[in-house]
Amino acid sequence: CKRIGMHCDMRLFDFINNCKSLSSHFSCAPHGCGYEVGEDIPVFVSDEKHPTFGYCLITDVIPKCEAKHHSTSRLCPCVS
């Protein structure tokens, strides 16, 4: 979010932590969505060396804006 002059609003993760939102921003096919536990989710696994490469991942854990993982591209609720 900072890169585009905005900030992350963690209260809005509930609206984007789903397969439909991830699929509209990343190429989740052919693997689709999976479930993982982590504060760095919702994400697309972009690292070809990672076992879940190509999956979009959602979680039941409350995500944190500052969380990240080197193997993923994250979807964040950015607001101005």
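**Close-up 1. The disulfide between C19 and C33 in the predicted model.** A disulfide joins C19 to C33, with an S to S distance of 2.4 Å. Because C19 lies in helix α2 (residues 19-25) and C33 in strand β2 (residues 33-35), the pair ties together parts that are 14 residues apart in sequence. C19 is partly exposed at a relative accessible area of 29%, and C33 counts as partly exposed at 28% relative accessibility.

**Close-up 2. The disulfide between C8 and C65.** The sulfur atoms of C8 and C65 lie 2.1 Å apart in this disulfide. It links distant parts of the chain, with C8 in strand β1 and C65 in the loop between β4 (56-58) and β5 (72-74), 57 residues apart. The link of C8 and C65 is left-handed, with -70° about the S-S bond, and C65 counts as partly exposed at 24% relative accessibility.

**Close-up 3. The surroundings of the C76 sulfur.** For the sulfur of C76, the closest cysteine sulfur is that of C8, and because the distance is 4.7 Å, the two are too far apart for a bond. C76 counts as partly exposed, at 25% relative accessibility.

**Close-up 4. The disulfide between C1 and C78.** C1 and C78 are joined by a disulfide with an S to S distance of 1.9 Å, and this pair links distant parts of the chain, 77 residues apart, with C1 in the segment before β1 (7-8) and C78 in strand β6 (residues 78-79). With -85° about the S-S bond, the link of C1 and C78 is left-handed. C1 counts as partly exposed at 25% relative accessibility, while C78 is partly exposed with a relative accessible area of 28%.

Technical notes. Residues are numbered from 1 along each chain as its sequence is written. This is a predicted model: local features need pLDDT of at least 70, side-chain atom pairs count only at pLDDT 80 or more; totals for chains, interfaces and linings use all residues. Side-chain values use heavy atoms; hydrogens and water are left out. A disulfide is a pair of cysteine sulfur atoms within 2.5 Å. Helices (H or I, at least four residues) and strands (E, at least two) are DSSP runs, numbered from the N terminus. Buried means under 20% relative accessible area, exposed over 50%, partly exposed in between (1.4 Å probe, protein chains only).
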